[in-house]
Amino acid sequence: MVVHAAAGGTGSLAVQLAREFGAGRIIATASSDEKRAYALELGADAAIDGDAAGYRERVLDANHGHPVDIVLDAIGGPVLDAALDTLGYLGRLVAYGASSRQTASAIAPSRLAVDSITVAGFWVIPLIARSGAGGGELAELLDLTARRRLRPLVGAEYDLARARDAHEDLLGRRTKGKLVLLP
């Protein structure tokens, strides 16, 4: 399994959940040595640079030459394109973000059909907003957090007057975890 942006707020939780539920080999991607070290601390088995150039080779190397089963993508664009080339038979890619602010290439259905690959989108906000959706699963996540099996990461706190700085740090990829704006 590959988790993109594994030192970010959602990615760091995905690594922990994958470890908690026995996902097997977890490969984290992150943009710096510090962030990759953090992903390893959270339970990833390997941590690699997530840049699109050379992505396929790094993922396959981290997975001992084998294609992966699952990619959780928070980046989009060229990274999503590269991630598709790492999936094996019956592989799944779940897109839950697009931090690159770039558009991925159109995906030809025949490209997916050859290896029975699935590409899906996911966003938790509509899940929570729908009546009853995510109830049991959300309760389980909250319970894991209460029992400290899951450690949500607050990377930094900013006074509301510094909201622009928070956005610039996010865009500049200088953050880990979730950022909190204080009133």
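Analyst: Arg164 counts as exposed, because its relative accessibility is 64% and the cut-off for exposed is over 50%. This is a predicted model. The side chain of Arg164 meets that of Glu168 in a salt bridge, at 2.9 Å from N to O. Both residues lie in helix H8 (residues 163–171). They are four residues apart, about one turn of the helix. Glu168 is partly exposed, with a relative accessible area of 35%.

A search of the whole structure finds eight salt bridges. One of them joins the side chains of Arg19 and Asp45, at 2.8 Å from N to O. That pair links distant parts of the chain, 26 residues apart. Arg19 is in helix H1, while Asp45 is in the loop between H2 and strand E3 (46–49). Arg19 is partly exposed at 33% relative accessibility. Asp45 is partly exposed too, at 37%.

Helix H1 also has buried residues, including Gly11, Val15 and Ala18. The buried residues of H1 pack against strand E1 (2–3), helix H2 (33–42), strand E4 (68–73) and strand E8 (178–182). Just after H1, Gly22 takes a positive phi of about 70°.

Another salt bridge pairs the side chains of Arg147 and Asp143, at 2.9 Å from N to O. Arg147 is partly exposed, with a relative accessible area of 47%. Asp143 counts as partly exposed at 36%.

Terms used: Residues are numbered from 1 along each chain as its sequence is written. This is a predicted model: local features need pLDDT of at least 70, side-chain atom pairs count only at pLDDT 80 or more; totals for chains, interfaces and linings use all residues. Side-chain values use heavy atoms; hydrogens and water are left out. Buried means under 20% relative accessible area, exposed over 50%, partly exposed in between (1.4 Å probe, protein chains only). Helices (H or I, at least four residues) and strands (E, at least two) are DSSP runs, numbered from the N terminus. Contact means heavy atoms within 4.5 Å. A salt bridge is a side-chain nitrogen of Lys or Arg within 4 Å of a carboxyl oxygen of Asp or Glu.
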